[in-house]
Amino acid sequence: MTAALTCHNLTVAFPLGNGKKRVVLNKLNATFPAGQISIVSGAIGAGKSTLLNVLAGLLRPTSGEVRANDQAVSRWMGVHRDRWRQQVGIIFQHHHLLYGYTVLENIMLPLIPWGRTLSACRRKSIAVLQQVDLLRCAGDLVNTLSGGEKQKTTIARALVTQPLFVLADEPTAHQDDESAALVLNLLDQCTARKAVVIVATHETQAQAFPGKPLRFRLESGILKPLAY
Amino acid sequence: MFSTLQIWAFRDVLRRPVETLLLALAVTLTIAILGTLLLFPRALYDTIERLLDASPAIVVRRVNATGWQPLPVQEALSAVRNVIGVVSVRPRIWGVVRAPQGPVTVMGLPPDYLARGYAHQTERLPSRGQALVGAGVLSGQAAKTITLEGALSRPFEIIGRLPDPTSVFTHDLVLLNMADARQLIGLPEGYASDLAVAVFHEDEQSAILSDLTTAFPWPVQCLTRHQSAGMYASGLNRGSTLSAITVIPAVLAVCLLVMVNIRLTMGRQSELGIMKSMGWTTGTIVRLQLYRTLSVGLPSAAVGLVLALFMVYGPGTTWIGKVFLGWETLPPKLYLAPQGALTVLLEVAGLILVPVAVSALGPAIKSATTDAHALIEGINTQ
Amino acid sequence: MFWHPLLLAIFCAQIVALVLVLTAGLTAFRTALHWQPHVPDSRQLALEAQVAAASIQGRAAYGLWLFAAFLLVFGIANLFHHSIPGAMCGTGVFQAMSGSGSKLLLYLGVVLLLTHLWYALDRLNGLQVDLPLTARNARLFLTLPPVALLTLIQTYQTFAAIVPYQPVDCCAVVYDQFHDLQQAESIIGLGDPWWLGVFLVLSLLLLSLGAANGFTTSDRPKTRLALAAVGTLWLPVAALTLVNILSAYHYGVLQHHCPWCLFLPEHGLVGYPLYGAMVVIAMEGFTLFFLPPMAGKAFQSNRQVTKRCRQAAQRITFAGGTFLIITLGPPFFWRLRYGVWMSG
């Protein structure tokens, strides 16, 4: 699957516990094409992370669908849903690393289900660590890293399987200028191999992206395309 | 040899050595204790059955309204020999008399008879005035004579002890010369305590009972080997029932321990959520949990089973009779037959390992139907 | 009431299975009523999540019933008779059960057949992303809760009916089946040679049809149906022939028509592979017959259904072959050794 990722009437509502629900995404319609970075910006609490979670198959929508190559991937269940997630690389805003593990082990995590040998997983992970300039921390436990280093680990973990769909939530949040440029370059390389790249970020950081990314603004649960 | 997932699981287990060790210890001890509780009645029954194989197929006793009566030998022999299916008949002289430490069973051995199992273990049979004694008869004292009181009181020279592996049946047994036994019990000449009857085929024991009973001119009571085995089985079943009830809380405790352990240390839902977001399938997560549990559970089970085997089958154990059967005074040394051990060990392993494996799978199976986002954030969106 | 530690495991497994089936049954009920795969509204999406959970619960229940059934057979065949005076094998245990034992095995058989079919259909359903068989599978699943409950009740009643110290005579049960030798050598008026002939013919048919269906890539509906039909006929004939004729070569004695002695260690525990083969043939034959019409045209290509049917045919062939080897091997060895058949 290398075509676009589209949302059809996507609605996500969270129960508030008193019988009411908070609607975060409200019949959202959008298309995110392959080979181009799509930036989703919006205020805090607008639902950017929720949108990425739904696109990544981590959260089921309340109604509506996410389609990839005309298949309703958001409605896939069981092993099909797991296989959809294997095609997605997600960079979390809050890292979500395994704290009892080393950096290298965290990066190897997406490779284990693919059935490769342990040494092949290690080689691939080390290659990605080199790309994000974090090789020196390979054997360190994750809880000893700085915020920026944890972010790089998350990025490396997301990209180690060379996914066709890359979803990044605030990928440059804890990075210095040099590291931020490295991250943006890596995301750009993903578009070069025709991956769908969607980045959720604040308006100010959206300016730094190279090329001509597609821009959207998420407000009141609706996604509006913006002119570049 | 091992897959990547298995190595990953094993390294996971080693990441938390203290918790792993505690879990292993709990599983080992639970299996050892339960194994002992369930293995012992079975082992005892198998041993009794094996020893009963050497006993007569049918034992015939003469009875009247008051109970046991001496049996006239010639009359009995001629009656029994006409019963189809009877191969041989042997009159037996035995009874219960008083010894210094309490009542004992005395048995008279004819001079031309060597009991199976004794022949290669005893040097000589007792002559007049001599006795072979079981381990429990002398309370462990190294006496050279023993005074027995029955119809009369007589001292006997002790010429040897009966072998320890036969303790279950010979613990309180005294073997005497036939004439001495007859005098001590008070049996007149030409009479016997009962008849030991051998049949052609094992299954004929029950089949010829009615013919055997009607062949005698006086009332008799017949006891087959199967009936004896059944009586022991029923008695042991009561004990094993009580033991089995202890299985319930033990299994529940182990399951709880495993679930808490898994939840706290190895299978935090957020970790499962992160794995799912990285493309781990439910099947992979379930297999990981299974490998984690079995890498601790299997070795612990093996050690526990070995311990149970040793406690039950360790040669000459006496403590187990004291604890389980209440044999306070000089419990016999037990040399138990291991034939039925495999069945019981499989039962124990199944009773413990299956719930442990299922408990470990609980969190993983829950993750199969919960959104990865909910697992990561620790919220319930169902 | 009769008690044995193994009964605890059996009851636990059945109770947990029943709870799982009841829980999943609620979802099946909702699915049967409200399943609308083309409508991505909130009710449908929530139902889809519940269906995934129900699938896991159903599979776990299936595993538990298989486990409980195995333990039950093992207990009846090899353990319980030690605690019942006069019982030497499962026949004695059955005698002590006062007729409830057969009913229990029947209920368990029905549960396993239905669950096995459901499981096959569920696996097939999961192969396609749009879960085309969900509604149909849910309706099938709704047959399970009542049967599961009946099975649990029957299990309890069966063992409650056993009076622990009341002796039985299982030899009497076996030998009282016939009054003379002629009766012993015939089944419902037909002689042993006739039954043996029918058994051999049906076995050959079973193996041929099984091989024809199991080792081909094309779909053959007619031979598949024929295999299911032959399997259905084969089962009672094989059971009668085994117990009344061929078991003699395992026992070393004629006219010992006992189905349970085959499970004993002194006869090499051959009862397990023999009756296990029959169970496999029954379950796979049932699946082979009902799966294709239930799957219907729901699948874009019939390939997956054909593959499952091929698997079923292969299992039937393997089980049938195993059965034949174990039942016919001893008679041939006997003949080679002694130069005559046991019956003369």
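Visitor: What percentage of the 382 residues in chain B do buried residues make up?

Guide: Good place to start! Keep in mind that this is a predicted model. In chain B, buried residues make up 41% of the 382 residues.

Visitor: How many helices and strands does the secondary structure of chain B come to?

Guide: Chain B comes to 14 helices and twelve strands. Of the contacts in chain B with a separation of 6 or more, 83% are between residues 24 or more positions apart.

Visitor: And chain C, how many helices and strands has it?

Guide: Chain C has 13 helices and two strands. Buried residues account for 44% of its 344 residues. Among its contacts between residues at least 6 apart in sequence, 77% join residues at least 24 apart.

Visitor: What radius of gyration does chain C have, and what would a compact globule have?

Guide: The idea is to compare the chain with a rule for globules. A compact globule with 344 residues would have a radius of gyration near 20 Å, and chain C has 22 Å, so the two agree.

Visitor: Which domains does the domain assignment give for chain C?

Guide: The assignment gives domain 1 as 1-169 and domain 2 as 177-344. Taken over C-alpha atoms, the centres of these two domains of chain C are separated by 25 Å. Their contact takes 17 residues from domain 1 of chain C and 19 residues from domain 2 of chain C.

Visitor: Which elements give two or more residues to the domain 1 side of that contact in chain C?

Guide: On that side, they are α2, α3 (90-96) and α4 of chain C. The largest share, seven residues, comes from α4(C). By class, the residues on the domain 1 side divide into eleven nonpolar, five polar and one charged.

Visitor: Let's turn to chain A. Which domains does its assignment give?

Guide: Here a domain can be written in two pieces. Domain 1 of chain A is 1-87 + 163-228, and domain 2 is 97-162. Their C-alpha centres lie 23 Å apart. The contact takes twelve residues from domain 1 of chain A and 13 residues from domain 2 of chain A. On the domain 1 side, helix α6 (residues 177-192) of chain A gives the most, with four residues. That side has seven nonpolar, four polar and one charged residues.

Visitor: How do I read strands, and how many bridges join β1 to β2 in chain A?

Guide: In a regular strand, side chains alternate between the two faces of the sheet. For pairing, follow the bridges. Eight of them join β1(A) to strand β2 (residues 21-32) of chain A, and the strands run antiparallel. Phe14(A) has Arg22(A) as its bridge partner in β2(A). The two strands form a hairpin with five residues between them, and Gly17(A) in the turn has a positive phi of about 95°. Strand β1 (residues 5-15) of chain A is also joined by five bridges to strand β4 (residues 63-68) of chain A, again antiparallel. There, His8(A) stands opposite Glu65(A).

Visitor: How many residues of chain A are in contact with chain B?

Guide: 21 residues of chain A are in contact with 21 residues of chain B. On the chain A side, α2 (78-86) and α4 (118-131) of chain A give two or more residues. The most comes from α2(A), with four residues. That side divides into twelve nonpolar, five polar and four charged residues.

Visitor: Finally, how many residues has the largest nonpolar core?

Guide: It has 212 residues, and those with the most contacts inside it are Leu167(A), Leu187(A) and Leu121(C). The helix α2(C) gives the most to this core, with 16 residues. Another core, of 40 residues, lies apart from it and includes Val80(B), Val97(B), Val133(B) and Leu175(B).

Definitions and conventions. Residues numbered from 1 in each chain as written. Chains lettered and ligands numbered in written order. Predicted model: local features only at pLDDT ≥ 70, side-chain atom pairs only at ≥ 80, totals over all residues. Pairing = 2+ DSSP bridges. Contact = placed C-beta atoms within 7 Å. Nonpolar A, V, L, I, M, F, W, Y, C, P; charged D, E, K, R; others polar. Buried ≥ 20, exposed ≤ 12 C-beta atoms within 10 Å, placed from the backbone. Domains from an automatic or database assignment. Rg over C-alpha atoms; globule rule 2.2 N^0.38 Å. Core = buried A, V, L, I, M, F, W, Y, C linked by C-beta atoms within 7 Å.
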